[in-house]
Amino acid sequence: MTKSEELFKRAVRCIPGGVNSPVRAFGAVGETPRFIVSAKGDRILDADGNSYLDFIGSWGPMILGHNHPKVLESVVRAAGSGLSFGAATEMEVIMAELICDIVPSIEMVRMVNSGTEAVMSAVRTARGYTGRNKIVKFMGCYHGHSDAMLVKAGSGVMTQGIPDSAGVPAGCTEDTLSAVYNDLDSVETLFEGNPDQIAAVIVEPVGANMGVVPPAKGFLEGLRDLCTRYGALLIFDEVITGFRLALDGAQGYFGVRPDLTTFGKIIGGGMPVGAYGGKREVMSMVAPVGPVYQAGTLSGNPVAMAAGITQLSILKENPDIYRKLNENGDWFYSEIAGILKEGNRECQVNHIGSLGCVFFTKEPVVNYASAKTSDVKEYRNYFKFMLEHGIYLAPAQFEAMFLSAAHTRADLEEALDAVRAYVREK
Ligand code: KE4
């Protein structure tokens with residue numbers, strides 16, 4: 001029995017599914033989850049001493065690579081002054097000023113502890129600001145696990161949301177409407193069908209939770225126009241794309257300005273951090289200034305702020321990081337597509353910047369329905385083969401691959417060699 005198997009055997013006895021977040025259980029790929037003991041740069045080490053080239057990067061936070069020396073140093077220094085005070089600190093002011101300086105649509109920002117909390121709070125703020133209750137989200141987009149976001153689209157996009165999880169009362173999702181990603185008509189139909197009732201449209205500006213599905217040309221601009229026209233707020237959930245596609249995220253990359261933005265992952269540098277922010281008049285609705293209540297014991301934690309401030313500062317001071325990340329992404333994901341296609345594998349390799357994903361389907365993947373045509377059994381085989389060859393991919397089809405500044409061309413070539421071997425041997 002491997003150490004990971006032994007640890008997993010223990011874990012399942014006292015943690016649901018043996019993990020603290022479902023995707024980590026490797027259920028979709030039928031493997032024992034690898035228990036990781038350390039990481040550095042673009043590599044992670046498991047409890048059995050196996051090293052892997054990491055394409056998850058903790059699901060996005062590790063854009064500079066694992067354990068960047070300056071991030072680690074700032075965490076150690078901050079911890080030396082105390083772990084948490086439950087009081088205002090300068091670190092929180094520095095972080096807020098940094099985000100407001102970098103992201104033009106953000107005049108005020110509130111720190112929370114996860115992407116889920118950021119989305120839950122942004123949705124509440126949008127409802128409080130507009131006095132409306134309904135929210136539009138897109139099938140295939142994931143915005144964390146707050147009740148209102150755990151919605152399976154009703155039979156038609158016109159029907160009210162029905163809970164997609166046990167324990168979520170119908171009342172929590174009846175105001176959540178589902179539209180089709182990259183389909184502006186499906187959004188306008190909802191606005192027309194729910195006049196003056198929609199508080200906000202929330203969207204992943206690049207879908208990264210149904211696999212990677214970039215926005216069609218004009219889609220984000222169209223959402224901006226529709227929200228303006230119908231008096232709803234546009235919320236960009238940039239938990240993944242924030243500070244990744246560009247320093248000012250997807251809104252900078254595509255030049256579309258939302259009313260509210262949610263962040264997570266990269267802004268914490270690996271520590272538990274989320275944030276939501278936007279126009280001053282909207283954010284002034286948030287307690288203690290306004291009537292929208294939101295709070296958190298560890299929000300703005302000084303040690304977490306130190307990690308995030310350092311990571312964001314490095315990104316801000318080295319804009320070339322994005323050029324290299326996006327160039328590497330264009331080259332790497334195109335190479336993967338070429339190798340798989342030369343091996344007569346029906347596949348779509350969707351990518352944008354450092355985000356990418358392999359779907360095993362002949363159909364172009366432009367929304368949730370087309371993503372679901374992917375052959376998840378072949379993905380499972382692909383994942384298993386790559387893991388055995390030291391390449392650590394997302395243990396589920398409907399996730400993303402994340403490149404970091406630590407991924408060298410030589411390391412990416414190592415991954416491409418594994419893809420070549422997969423095509424040869426499988
Ligand atoms: P967290 O609560 O997990 O910090 O963030 C929720 C969230 C919100 N919005 C978007 C666009 C997200 O991608 C996420 C979380 N992403 C997943 C990866 N698909 C986290 C991995 C996990 O659930 O373990």
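## Accessibility and numbering

Buried denotes a relative accessible area under 20%, exposed one over 50%, and partly exposed anything in between, for a 1.4 Å probe and protein chains only. By that scale Gly167 is exposed, because its relative accessible area is 77%.

The structure is a predicted model, in which local features need pLDDT of at least 70 and side-chain atom pairs count only at pLDDT 80 or more, while totals for chains, interfaces and linings use all residues. Residues are numbered from 1 along each chain as its sequence is written, and side-chain values use heavy atoms, with hydrogens and water left out.

Helices (H or I, at least four residues) and strands (E, at least two) are DSSP runs numbered from the N terminus. Two packed helices are described by the angle between their axes and the distance between the axes. Here the axes are lines fitted to C-alpha atoms, for helices over the stretch in contact, and angles run from 0 to 180 degrees between N-to-C directions.

Helix α2 (residues 69–80) and helix α10 have axes that come within 8 Å and cross at roughly 150 degrees. This makes α2 roughly antiparallel to α10, given that angles over 145 degrees count as roughly antiparallel, under 35 as roughly parallel, 65 to 115 as roughly perpendicular and the rest as oblique. The crossing of α2 and α10 is right-handed; a crossing is right-handed if the near helix is turned clockwise from the far one by less than a right angle, and left-handed if anticlockwise. Contact, meaning heavy atoms within 4.5 Å, involves Lys70, Val71, Ser74, Val75, Ala78 and Ala79 of α2, together with Pro302, Val303, Ala306, Ala307, Thr310, Gln311 and Ile314 of α10. By class, this contact has 9 nonpolar, 3 polar and 1 charged residues, where Ala, Val, Leu, Ile, Met, Phe, Trp, Tyr, Cys and Pro count as nonpolar, Asp, Glu, Lys and Arg as charged, and the others, Gly among them, as polar.

Helix α3 (residues 90–102) also meets α10 (residues 302–317), with axes within 9 Å and a crossing of roughly 30 degrees. The crossing of α3 with α10 is left-handed. Residues of α3 in the contact include Met91, Leu98 and Ile102, and those of α10 include Met305, Ile309 and Leu312. The contact of α3 with α10 has 11 nonpolar, 2 polar and 3 charged residues.

## Helices α13 and α14

The axes of α13 (residues 376–388) and α14 (residues 409–425) come within 10 Å and cross at roughly 125 degrees, and the two helices are therefore oblique to each other. Their crossing is right-handed. In α13, Glu378, Asn381, Tyr382, Phe385 and Met386 meet Ala415, Ala418, Val419, Ala421, Tyr422 and Glu425 of α14. That contact has 8 nonpolar, 1 polar and 2 charged residues.

## Loops and backbone geometry

The loop between β3 (51–54) and α2 holds Trp59, which has a positive phi of about 70 degrees although it is not a glycine. Asn67 lies in the loop between β3 and α2 as well, and its phi is near 50 degrees, also positive. Trp59 is buried at 18% relative accessible area, whereas Asn67 is partly exposed at 39%.

Ala287 and Pro288 are joined by a cis peptide bond, with omega about 10 degrees; Pro288 is in the loop between α9 (280–283) and α10. Gly167 lies in the loop between β7 (162–163) and α5 (170–173). Gly167 and Glu317 are 150 residues apart in sequence and 46 Å apart in space, C-alpha to C-alpha.

## Cysteines

With a disulfide taken as a pair of cysteine sulfur atoms within 2.5 Å, the count is 0. Cys100 is partly exposed at 23% relative accessibility, and Cys172 is partly exposed at 29%.
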